[in-house]
Amino acid sequence: MTADYIEGMRDAGHGTLTLEQLITTRDHRVTPEFGRALADAGYASLSLDQLMRTRDHGVTPDYIRDMKALGVSGTLDT
């Protein structure tokens with residue numbers, strides 16, 4: 001984990017995270033870039049838990065865009 005990761009998560013709107021939260025999100029491969037890409041795809045207010053579950057289930061911003069192009073919409077209540 002780097003200072004860039006910590007600052008990126010803070011800048012992505014997750015405030016000051018605890019060491020445990022930072023380790024857990026990093027372990028689940030949640031990056032600031034992943035959160036920004038989901039926000040750009042229309043899901044800007046996801047919690048850390050939602051981001052982790054979304055990543056764990058293999059949902060990507062491209063997948064969301066593809067589903068929207070097919071007329072599928074909804075929430076990310078994974």
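**View 1. Helices α3 and α5 pack at an angle of about 10°, with their axes 9 Å apart.** Here helices are DSSP runs of H or I with at least four residues, numbered from the N terminus, and axes are lines fitted to C-alpha atoms over the stretch in contact, with angles running from 0 to 180 degrees between N-to-C directions. The angle makes α3 roughly parallel to α5, a term that applies to angles under 35 degrees. On the α3 side the contact (heavy atoms within 4.5 Å) is made by Phe34, Ala37 and Leu38, and on the α5 side by Pro61, Ile64 and Arg65. By class, this contact has five nonpolar residues, no polar ones and one charged residue, where Ala, Val, Leu, Ile, Met, Phe, Trp, Tyr, Cys and Pro count as nonpolar, Asp, Glu, Lys and Arg as charged, and the others, Gly among them, as polar.

The model is predicted, so local features need pLDDT of at least 70 and side-chain atom pairs count only at pLDDT 80 or more, while totals for chains, interfaces and linings use all residues. Residues are numbered from 1 along each chain as its sequence is written, and side-chain values use heavy atoms, with hydrogens and water left out.

**View 2. The buried residues of helix α3 (residues 32-40) are Pro32, Phe34, Gly35 and Leu38.** Buried means under 20% relative accessible area, with a 1.4 Å probe and protein chains only. Seen down the axis of α3, these residues fall within an arc of 165°, so they line one face of the helix; the arc is that of the directions from the helix axis to the C-beta atoms. Their cover includes α1 (3-14), α4 (48-56) and α5 (61-69).

**View 3. The largest nonpolar core has 15 residues.** Such a core is a set of buried Ala, Val, Leu, Ile, Met, Phe, Trp, Tyr and Cys residues joined through side-chain atoms within 4.5 Å. Those with the most contacts inside this core are Met9, Val30, Leu38, Leu51 and Ile64. Two or more residues come from each of α1, α3 and α4, and α4 gives the most, with three. Leaving aside residues up to four places away in sequence, Met9 touches His14, Leu17, Thr25, Val30, Thr31, Pro32 and Leu48.

**View 4. Arg29 lies in the loop between α2 (19-27) and α3.** The phi of Arg29 is near 65°, a positive value in a residue other than glycine. Most residues other than glycine have a negative phi. Gly42, which follows α3, also has a positive phi, near 110°.

Conventions
Buried < 20%, exposed > 50% of the residue type's maximum accessible area, 1.4 Å probe, protein only. Parallel < 35°, antiparallel > 145°, perpendicular 65-115°, else oblique.
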